[in-house]
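Please look over the sequence and the structure below before reading on. The report that comes after them is meant for someone who has not seen this structure before.

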Amino acid sequence: LSQEPARITEEDTNEICWLDALSDVARWHPVEECRVKPSDLTCPWGSRSLQFYFEVDHFDGEKAYPIGWPRAHLNPAGWERNWQDWDRLEFMALATSSRPSLPKSALTIEFGDVKPVYNPSIEFPELDTWQLVTIPTAEIFARNPMTRGGINRLRVVVTEANYNHGDVLEFHVAGFRLVRSLICEITSLKATTPVIYAGQPFIGLAATVI
């Protein structure tokens, strides 16, 4: 797979690596009641958008799991796989539906193909509204240590058990990017010394710095 070089920009105190190719429809492979096509909507960041379309079917689909997991996957390649030097993955997302609202676990994003995979759910409190989705890379690596060596698969999944038969769901996503701070920032600080005695020469501290 021939790749364009990484597009790097700066925004305030952050450095950004744009994963533009992840918005290429040809890179995604849908399964069962899932279709992927270019979205007619424009991302607030100006980048091209994808539409993941699901028509929930509780009777057909995979024979063993008629109420199953329609999905689509993409395999990052080359430099796209290396997230270890970055703080977080970000993208914009918007949901439309035949339903008036979506369940809390509306859509799942799965990282990696070796168990235990990390599969956080995305919530859409409002329909027809773009929202920023942020996933810290430290969480991905902690839940699936194999991903430290490279993200070899992304998967977008709908759990049909969360929906009614016949529900129509459209998830528009765009602007995949990796972000890291250009300055050091302490995100957590706690004492590890359980008791402080008179004359004790030190206090143990644990800090998370990004």
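The paragraphs below take up confidence, charged side chains, cysteines and some backbone details in turn.

This is a predicted model, and its chain has a mean pLDDT of 90, with 90% of the residues reaching 70 or more. Confidence is highest in strand β7 (residues 88–97), at a mean of 98, and lowest in strand β14 (residues 205–209), where the mean is 68. Where pLDDT is low, the predicted coordinates should not be read in detail.

Side chains of opposite charge can pair when their charged atoms come close. A search of the whole structure finds 10 salt bridges, and the table lists some of them.

| Asp 20 | Arg 7 | 2.9 Å |

In the salt bridge between Asp 20 and Arg 7, Asp 20 belongs to the loop between β2 and β3 (29–31) while Arg 7 belongs to strand β1, so the pair ties together parts that are 13 residues apart in sequence. Asp 20 is partly exposed, at 31% relative accessibility, and Arg 7 is also partly exposed, at 38%.

Elsewhere, a network of salt bridges links Glu 11, Arg 88, Glu 90 and Arg 177.

A polar atom of the Glu 160 side chain does lie 3.0 Å from the backbone nitrogen of Asp 57. The residues that Glu 160 touches include Glu 33, Glu 55, Val 56, Asp 57 and His 58, as well as Pro 66, Ile 67, Gly 68 and Pro 70.

The structure holds 0 disulfides. Cys 34 is in no disulfide, and the nearest cysteine sulfur, that of Cys 43, is 19 Å away; Cys 34 is buried, at 5% relative accessibility. For Cys 43, the closest cysteine sulfur is that of Cys 17, at 16 Å, which is too far for a bond, and Cys 43 is likewise buried, with a relative accessible area of 2%.

Some backbone details in the loops also deserve a look. The peptide bond from Lys 115 to Pro 116 is cis, with omega near 0 degrees, and Pro 116 is placed in the loop between β8 (107–111) and β9 (121–122). Asp 12, in the loop between β1 (7–11) and β2 (14–18), has a positive phi near 55 degrees although it is not a glycine, and it is exposed, at 74% relative accessibility. Asp 128 has a positive phi as well, near 60 degrees; Asp 128 is found in the loop between β9 and β10 (131–136) and counts as exposed at 55%.

Key: Residues are numbered from 1 along each chain as its sequence is written. This is a predicted model: local features need pLDDT of at least 70, side-chain atom pairs count only at pLDDT 80 or more; totals for chains, interfaces and linings use all residues. Side-chain values use heavy atoms; hydrogens and water are left out. Helices (H or I, at least four residues) and strands (E, at least two) are DSSP runs, numbered from the N terminus. Buried means under 20% relative accessible area, exposed over 50%, partly exposed in between (1.4 Å probe, protein chains only). A disulfide is a pair of cysteine sulfur atoms within 2.5 Å. A polar contact is a pair of N or O atoms within 3.5 Å; within protein, one must be able to donate a hydrogen and the other to accept it, and residues adjacent in sequence count only if both atoms are side-chain atoms. Contact means heavy atoms within 4.5 Å. pLDDT is the predictor's confidence in each residue, from 0 to 100. A salt bridge is a side-chain nitrogen of Lys or Arg within 4 Å of a carboxyl oxygen of Asp or Glu. Lists of a residue's contacts leave out its neighbours within four places in sequence.
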